[in-house]
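Morning, everyone. I'll take this one from the overall fold down to the core. Structure up, please.

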Amino acid sequence: MPRDGYRTIVADPPWDVMGGPAWGGGRSRPLPYETMSVEEIAALPVRDMAAPDAHLYVWTINRYVEDTYEIVRQWGFRPSTLLTWTKPITGGGLGGTYRLSTEWILFARRGTLSAARQIGQSHFDWPRQRAHSMKPDAFLDLVEQVSPGPYVELFARRARFGWDYWGDESLGTAQMPGQEAPLAA
């Protein structure tokens, strides 16, 4: 971890949800990774990893939007903007009355870190990724345009040049204070 902490943190918590309908069974199937409760996510020492002036991006889903605002506050950040990823529907998808074709990223601030650039929108039509819960590379490209490093991605699935990462699906170059093995998203 950088001596003064990370100025940009991206987190994709493993929210406690099921993976969608099992084909032909009508019931949800388990996810291919361990999940965490809202309380477990909120208890992570993200506050201790952040620089005094920092940006935070937290991926969330419909069910956990309200909880995400509270988690961000518990981590020592002020919620700022809810960004939307609009995804094309493929297959049956998750959802009940409405099929879920969006995910959100709550952008939050701590201190007075300025953005490197202004983006003229808050919704993005990135293509759907192949693996469950995998996020588009274009998102991290966007983060790098707006927020300065040093960077860390929590619950990372893979390495990215110039970033530290913490997640059991990555090589894990970052340490989270008081945590041993991370969970994957």
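The protein chain has 4 helices and 7 strands. These are DSSP runs, numbered from the N terminus: helices are H or I with at least four residues, strands are E with at least two. From the N terminus on, the order is β-α-α-β-α-β-β-β-α-β-β.

Some ground rules. This is a predicted model: local features need pLDDT of at least 70, side-chain atom pairs count only at pLDDT 80 or more, and totals for chains, interfaces and linings use all residues. Residues are numbered from 1 along each chain as its sequence is written, and side-chain values use heavy atoms, with hydrogens and water left out.

Of the 185 residues in the protein chain, 44% are buried. Buried means under 20% relative accessible area, exposed over 50%, partly exposed in between, with a 1.4 Å probe and protein chains only.

Now the core. A nonpolar core is a set of buried Ala, Val, Leu, Ile, Met, Phe, Trp, Tyr and Cys residues joined through side-chain atoms within 4.5 Å. Which residues touch the most other members of the largest one? Ile9, Leu56, Ile71, Val72, Trp75, Phe77 and Leu154, out of 27 residues. Elements giving two or more residues include strand 1 (6–11), helix 3 (65–74) and strand 6 (151–154). Strand 2 gives the largest share, 4 residues.

Look at Val72. Leaving aside residues up to four places away in sequence, Val72 touches Leu56, Val58, Phe77, Arg78, Pro79, Leu106 and Ala108. Contact here means heavy atoms within 4.5 Å.

There is also a second, separate core of 16 residues. Phe124, Leu142, Tyr151 and Trp163 are among them.
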